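Student: Could we go through this one together? I'd like to see where the labels come from.

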Amino acid sequence: MTETATARRSRLTPEREAELYAAVLDLLREVGYDALTMDAVAARTRSSKATLYRQWGGKAELVAKAIGREKSMSASGIDTGSLRGDLHALARLEDDCVMEQNSALMRGLAMAVHTNPEMLAVFREFLVEPQIAEVRRLLGRAVERGEVRPDNPAFDFVMHMMLGAFVTRTLLEELPPTQAFLVSYIDAVVLPALGVPTD
């Protein structure tokens, strides 16, 4: 990328970028991914479409980065001194109302991703991989503390377990995920699989 292009892409201040991401998330919850347009984002944020495309390239990247930023900003400070404490803190990052909204949002995004290979690639790069890296960071600290053996076969499936609990509760029980549900799931399923005591 040329210096000029780099300068163009870095023109937004962190505060303005955060404002744009918040507006994107609000629109997503209002209309869903398929109905969200760059025109609507531009109107909501008083931006030009040219600015949005120059900064993010398209709707998929903008949405993925907006969701990814919200999650990474809230998870980055977690360090309770134990894996159980870290995972409980992760489960409590969102209150139950926000969690219900985000669960519906993620189900809608999952359907869209499966019909759009380009969108899948963007979401993997900007949302899925950073989330996997964050969970691995928590697990890595647990290994260093001696809480989890590095060769534990469940190590590579923690993200699957956590995401599965979050996404499928509505499908199986017609109930939204809640903090209490996720904390109970962590103690009943995730920690025992990793050989971590829960008492």
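**Cores, confidence and a helix pair**

Tutor: Leaving out neighbours within four places in sequence, F123 is in contact (heavy atoms within 4.5 Å) with A60, V63, A64, L109, V113 and V128. This is a predicted model, where local features need pLDDT of at least 70 and side-chain atom pairs count only at pLDDT 80 or more, while totals for chains, interfaces and linings use all residues. Residues are numbered from 1 along each chain as its sequence is written, and side-chain values use heavy atoms, without hydrogens and water.

Student: Which residues touch the most other members of the largest nonpolar core?

Tutor: L28, Y33, V63, L109, M119 and F123 do, in a core of 27 residues. It's called a nonpolar core because its members are buried (under 20% relative accessible area, 1.4 Å probe, protein chains only) Ala, Val, Leu, Ile, Met, Phe, Trp, Tyr or Cys, joined through side-chain atoms within 4.5 Å. A second, separate core of 25 residues includes A91, M162, L182 and V196.

Student: What makes α6 roughly antiparallel to α8?

Tutor: Their axes, lines fitted to C-alpha atoms over the stretch in contact, come within 9 Å and cross at roughly 165 degrees. Angles between N-to-C directions run from 0 to 180 degrees, and over 145 counts as roughly antiparallel, so α6 and α8 get that label. L83, D86, L87 and L90 in α6 meet L138, L139, R141, A142 and R145 in α8.

Student: Where does pLDDT stay under 50?

Tutor: Over residues 1–8; pLDDT is the predictor's confidence in each residue, from 0 to 100. The protein averages 84.

How values were computed: Buried < 20%, exposed > 50% of the residue type's maximum accessible area, 1.4 Å probe, protein only. Helix = DSSP H or I, 4+ residues; strand = E, 2+ residues; numbered from the N terminus. Parallel < 35°, antiparallel > 145°, perpendicular 65-115°, else oblique.
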